[in-house]
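Open the structure in your viewer and keep the selection tool ready. We will go stop by stop.

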Amino acid sequence: MGFDGDRIAYLQMIESIIDRMSNKSGNIKGFAVTIVAGVTALSFKEASPYVLILSFLTVLIFLWLDLYYLGMERKYKFFYKQVCQGRDVDFNLSLDLKESELREAKATKWQCLTSKSIYYFYIPLGLLMIIILILKFKGVI
């Protein structure tokens, strides 16, 4: 099936959105690692355990943001597939997603939580933060 110029340009616009969402997710993971590294360094100083708890909450906020961007990325990938499969698009340069059309995208925050890119990253990060907190509260570090 051949694509005309308008459809190709439209697909390229969708691809650029998917790429931006993916980059934002990577940036968020980088910030989360930076916070954990800083917390680890602070834990060997005279930092209060409550400061460490606050940094743990910050990582949870980054997790929420990462889930948001992953969900948006999934929605646009689903939209991209629909356009590739011949979905009738009027090419009015609108990239707005309608929730009623995208329920199949499996892009809710709960569905994104099962993504390997989320749990292989945030579970070890969270466990490390919990271990640091426990050691700090026990006075080991």
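The tour below says what to select and what is there. Keep in mind that this is a predicted model.

**Stop 1: the core**

Start inside. Select Ile14, Tyr76, Phe79, Leu95, Tyr122 and Leu125 together. Within the largest nonpolar core, which has 30 residues, these are the ones with the most contacts. Which elements give two or more residues to this core? They are H1, H2 and helix H4 (116-137). H2 gives the most, with 11 residues. In soluble globular proteins, nonpolar side chains tend to be buried together.

**Stop 2: Leu95**

Now show its surroundings. Leaving aside neighbours within four places in sequence, Leu95 is in contact with Tyr10, Met13, Ile14, Ile17, Tyr76 and Phe79.

**Stop 3: Lys29**

Move to helix H1 and select Lys29. Is Lys29 buried or exposed? Lys29 counts as buried because its relative accessible area is 15%, and the cut-off for buried is under 20%. The side chains of Lys29 and Asp66 make a polar contact at 2.7 Å. Lys29 also touches Ser117, Ile118, Phe121 and Tyr122, again not counting residues up to four places away in sequence.

**Stop 4: helix H4**

Select 116-137, which is H4. This helix has 22 residues. From first C-alpha to last, H4 reaches 31 Å, close to the 32 Å expected at 1.5 Å a residue. Colour its buried residues: Ile118, Phe121, Tyr122, Leu125, Gly126, Met129, Ile132, Leu133 and Lys136. Among them, Ile118, Phe121 and Tyr122 are touched by Lys29. Then step just past the helix to Gly139, where phi is positive, about 80 degrees.

**Stop 5: Phe44**

Go to the loop between helix H1 (5-43) and helix H2 (49-84), and pick Phe44. Phe44 counts as exposed because its relative accessibility is 60%, and exposed means over 50%. Phe44 and Val140 lie 96 residues apart in sequence, yet their C-alpha atoms are 9.4 Å apart in space.

**Stop 6: two cysteines**

Finish with Cys84 and Cys112. Cys84 is partly exposed, with a relative accessible area of 21%. Cys112 is buried, at 0%. How many disulfides does a search of the whole structure find? It finds zero.

Conventions
Residues are numbered from 1 along each chain as its sequence is written. This is a predicted model: local features need pLDDT of at least 70, side-chain atom pairs count only at pLDDT 80 or more; totals for chains, interfaces and linings use all residues. Side-chain values use heavy atoms; hydrogens and water are left out. Helices (H or I, at least four residues) and strands (E, at least two) are DSSP runs, numbered from the N terminus. Buried means under 20% relative accessible area, exposed over 50%, partly exposed in between (1.4 Å probe, protein chains only). A nonpolar core is a set of buried Ala, Val, Leu, Ile, Met, Phe, Trp, Tyr and Cys residues joined through side-chain atoms within 4.5 Å. Contact means heavy atoms within 4.5 Å. A polar contact is a pair of N or O atoms within 3.5 Å; within protein, one must be able to donate a hydrogen and the other to accept it, and residues adjacent in sequence count only if both atoms are side-chain atoms. The expected span of a helix is 1.5 Å times one less than its number of residues. A disulfide is a pair of cysteine sulfur atoms within 2.5 Å.
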